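User: Please show me how to read the features of a model one at a time. I would like the general idea before each case.

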Amino acid sequence: MAPVQHPHPLPSPVIIVGAGCIGLATAVELLKRSWPVLLLAHHLPGDPLAAEYASSAAGAHHLSFAASDDWRQRYLDMVTFERLWEESEIRVEGEERGVMRLTQTEYYKGDLHLRLLEELPDFRIHDATTLPDGVEHAVSFSSLTIEPARYLPYLVRVFTSLGGIMQRVPRLNSLAEALRYAESPLAVVNCSGLGARDLAETQDKTVHPVRGQVLSVRAPWIKTGWTRQVGALGGAEGGERTYVIPRASGEVIIGGTREVDDWETQPREETTRDILRRALEICPALALPPHATEPVELAELVTGAVVGFRPTRDGGIRLEAETLKLDAGEDLTVVHCYGHGGFGWQSMWGSAEETARIVGEEVRKKQKGAAATLLKARL
Ligand SMILES: Cc1cc2nc3c(=O)[nH]c(=O)nc-3n(C[C@H](O)[C@H](O)[C@H](O)COP(=O)(O)OP(=O)(O)OC[C@H]3O[C@@H](n4cnc5c(N)ncnc54)[C@H](O)[C@@H]3O)c2cc1C
């Protein structure tokens, strides 16, 4: 290991590893509770899109996959929904953040809607006699879409205004390596997403990439969201899913794919053709600009193709504390918050609040322990 350097002025900060939506939201929650925060990451908001920086590549809409009996995930998703819903009410600022309310319709073949959706505003089940061909069940409700290229910089602005410090670092080999950047951190919070596979202390091979390819389309006349789920979600994200995600900017994201353990970072041409076909099946209006007299070629409206790796973890998110023994014999408090698969944006505020609560509990426990030891030594 290179000689220890401490260029950072914060005394004993909480160090967060990761600047995706999870790391940044967690940092904001910690700062609001008055903990000093140093955030270290290899990828930062504003970087060119990279498949392994999932937050920059996401759709992203709020459409929970939480199984009806998965109360933890339901809670994290609903806390996030309520916070984003409130944020979207702030008219001018809401646009800067890229959060948009919309009516969402879900079509199903081979499965039924999840219970959590019934808690969302304006929920209704469609009359079975009105469904399009090949659709067996459909529901509509109000939901939200989030534009990562606007929301990530917004999180950075809040983070900085609360006194947080962010630093780009080379890819860390271990969480202990974070100690090069600040002396005696109160805790290290692991929000490394897919990175948790390789960090020396975690080496969590239950985390793996689920590749997603999406297209962006210039279609500002599309103001409602559409999805089609074919086959069972299987308690998470199974089956084939097609989606149309309008954004506040007038861009529409269409997708997608779910390719498990597929590390290909470049878009595939045959996948692009398949996405165009499926998106048109669920939302023919994509090819009907307001003044067109007949449908246009949807391919001509495409402005980009994006690939991202969802940081999926078997068994769901890892959200817990751990005490690591450092080489020098000291204890390092680590709180893990990674493995958000295809639902990190829609569970980010719930995850962040819970992680900040655990950090507070762990640090206070450690401080109490240290005080008791000191007192004992003096007696
Ligand atoms: C195509 C696609 C569509 C999606 N659609 C949706 C959607 O509609 N709704 C939704 O909720 N979610 C969606 N997701 C999922 C969502 O994007 C992820 O769950 C979320 O972004 C995960 O955030 P994260 O902060 O955990 O990880 P990431 O955004 O991947 O960030 C990880 C951070 O950790 C840093 N890091 C990792 N390892 C190291 C290391 N060793 N050293 C230093 N830094 C390190 C990285 O540089 C980065 O800053 C989608 C994902 C994809 C790919």
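Analyst: Two strands count as paired if DSSP finds at least two bridges between them. The strands themselves are DSSP runs of E with at least two residues, numbered from the N terminus. Keep in mind that this is a predicted model.

User: How many residues lie between the strands in the hairpin of strand 14 and strand 15, and which residue takes a positive phi?

Analyst: The hairpin has 5 residues between its strands, and G329 takes a positive phi near 95°. Strand 14 (residues 318-325) and strand 15 (residues 331-338) run antiparallel and are joined by 8 bridges.

User: What is the order of the strands in the open sheet of 6 strands?

Analyst: The order is 6-2-1-7-15-14, and the pairing is mixed. Strand 6 (165-168) and strand 14 each have a single partner strand and stand at the edges, so one side of each has no neighbour in the sheet. From one strand to the next, the twist averages 20°. The general idea for side chains is that, in a regular strand, they alternate between the two faces of the sheet.

User: Do the bridges joining strand 1 to strand 2 belong to parallel or antiparallel strands, and how many are there?

Analyst: Strand 1 (residues 14-17) and strand 2 (residues 37-41) run parallel, with 4 bridges joining them. V14 stands opposite V37 of strand 2.

User: Which strands does helix 1 lie across?

Analyst: Helix 1 lies across strand 1, strand 2, strand 7 (187-190) and strand 15, and runs at about 170° to strand 2.

User: How do I read the packing of two helices? At what angle do the axes of helix 1 and helix 5 cross?

Analyst: Take the angle first: under 35 degrees counts as roughly parallel, 65 to 115 as roughly perpendicular. The axes of helix 1 and helix 5 (residues 148-161) cross at roughly 25° and come within 9 Å. Helix 1 is therefore roughly parallel to helix 5. The crossing in which helix 1 passes helix 5 is left-handed. Helix 1 contributes C21, L24, A25, A27, V28 and L31 to the contact, and helix 5 contributes L152, L155, V156, V158 and F159. By class, these residues are 11 nonpolar, no polar and no charged.

User: At what angle do helix 1 and helix 7 pack?

Analyst: They pack at about 50°, with the axes 8 Å apart. The two helices are therefore oblique to each other. Helix 1 passes helix 7 in a right-handed crossing. On the helix 1 side, the residues are C21, I22, A25, T26, V28, E29 and L30; they meet M348, W349, S351, A352, E353, T355, A356 and V359 of helix 7. This contact divides into 10 nonpolar, 3 polar and 2 charged residues.

User: Helix 7 also packs with helix 3. How far apart are their axes, and at what angle do they pack?

Analyst: Helix 3 (residues 71-87) and helix 7 (residues 348-378) have axes 6 Å apart and pack at about 110°. That angle makes helix 3 roughly perpendicular to helix 7. The crossing of helix 3 past helix 7 is right-handed. Y75, L76, D77, V79, T80 and R83 of helix 3 make the contact with M348, W349, G350, S351, E353 and E354 of helix 7. The classes here are 5 nonpolar, 3 polar and 4 charged.

User: Next, the backbone. Which residues does a cis peptide bond join, and what is omega?

Analyst: For a peptide bond, read omega. The bond between G59 and A60 is cis, with omega about -10°. A60 lies in the loop between helix 2 and helix 3. Another cis bond runs from G255 to G256, with omega near -5°. G256 is in the loop between strand 11 (251-255) and strand 12 (259-260). For phi, look at S184: the value is near 40°, positive in a residue other than glycine. S184 sits in the loop between strand 6 and strand 7.

User: Last, the ligand. Which residues come nearest to the ligand?

Analyst: There are 41 residues around the ligand, and G20, G193, G195, G308 and G344 come nearest. Helix 1 (21-32), helix 2 (54-57), strand 8 (207-218) and strand 13 (302-313) are the elements that each give two or more residues to this shell. By class, the shell has 20 nonpolar, 19 polar and 2 charged residues.

Notes. Residues numbered from 1 in each chain as written. Predicted model: local features only at pLDDT ≥ 70, side-chain atom pairs only at ≥ 80, totals over all residues. Axes fitted to C-alpha atoms, helices over the stretch in contact; angles between N-to-C directions. Parallel < 35°, antiparallel > 145°, perpendicular 65-115°, else oblique. Left-handed = near helix turned anticlockwise from the far one by under 90°. Contact = placed C-beta atoms within 7 Å. Nonpolar A, V, L, I, M, F, W, Y, C, P; charged D, E, K, R; others polar. Near = placed C-beta within 6 Å.
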